[in-house]
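Student: I have a model open and a few things to ask about it. Can we go through them one at a time?
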Amino acid sequence: MHGNPPLRDDEVAVTAAGAVVSGRLTVPQEPRGVIVFAHGSGSSRHSPRNRYVAEVLQAAGLATLLFDLLTPDEERDRANVFDIDLLARRLVDVTLWLRTAEDAAGQPAMPPCSSAGLTSPADPP
């Protein structure tokens with residue numbers, strides 16, 4: 001992030017499709033957009049690899065939101081990993097929340113990155 005502290009670097013809790021999901025929102029000085037990392041299973045927002053990729057994007061002037069699509073309790077039930085309707089609703093709800101998040105509102109949302117293989121419009125209606 002070019003040596004400047006980020007405008008925001010916080011753990012966030014977002015109500016999405018009937019649950020509160022956790023994430024980390026980092027917004028560099030003068031952001032040019034936001035990349036959403038949606039984690040379904042296997043890795044999480046704490047993954048060193050995903051955090052490294054996020055740091056590289058932040059250094060390039062992009063805000064990042066790394067979040068888990070499932071709660072820790074939901075992860076225990078493998079059926080949730082394949083509940084595409086639930087995962088997609090969570091992704092849409094989190095992206096809508098991002099539109100009003102402090103320091104990130106108004107930034108163009110880039111297509112989400114996902115370890116669960118989901119794709120979704122970055123800017124839902």
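Student: Leaving aside its neighbours within four places in sequence, which residues is N80 in contact with?
Tutor: This is a predicted model. In it, N80 is in contact with L70, E74, L86 and L87, once neighbours within four places in sequence are left aside.
Student: Is N80 buried or exposed?
Tutor: N80 has a relative accessible area of 16%. The cut-off for buried is under 20%, so N80 is buried.
Student: And which helix is N80 found in?
Tutor: Helix α3, residues 78-81.
Student: Switching to β3. Why is strand β3 largely enclosed?
Tutor: Because 6 of the 6 residues of β3, residues 34-39, are buried. Both faces are covered: V34, V36 and A38 are buried on one side, and I35, F37 and H39 on the other.
Student: What does β3 pair with, and how many bridges are there?
Tutor: Strand β4, residues 63-68, is joined to β3 by 6 bridges, and the two run parallel. Within that pairing, F67 in β4 stands opposite A38.
Student: How many residues does the largest nonpolar core have?
Tutor: It has 23 residues, and L25, L65, F67, V94, L98 and A104 have the most contacts inside it. Two or more residues come from each of β1 (8-16), β2 (19-27), β3, β4 and α4 (84-98).
Student: Which element gives the most to this core?
Tutor: α4, with 5 residues.
Student: What is A104 in contact with, sequence neighbours within four places aside?
Tutor: L25, V27, V34 and L98. Another core, of 5 residues, lies apart from the largest one, and includes F37, A54, L62 and L66.

Technical notes:
Residues numbered from 1 in each chain as written. Predicted model: local features only at pLDDT ≥ 70, side-chain atom pairs only at ≥ 80, totals over all residues. Heavy atoms only, no water. Buried < 20%, exposed > 50% of the residue type's maximum accessible area, 1.4 Å probe, protein only. Helix = DSSP H or I, 4+ residues; strand = E, 2+ residues; numbered from the N terminus. Pairing = 2+ DSSP bridges. Contact = heavy atoms within 4.5 Å. Core = buried A, V, L, I, M, F, W, Y, C linked by side-chain atoms within 4.5 Å.
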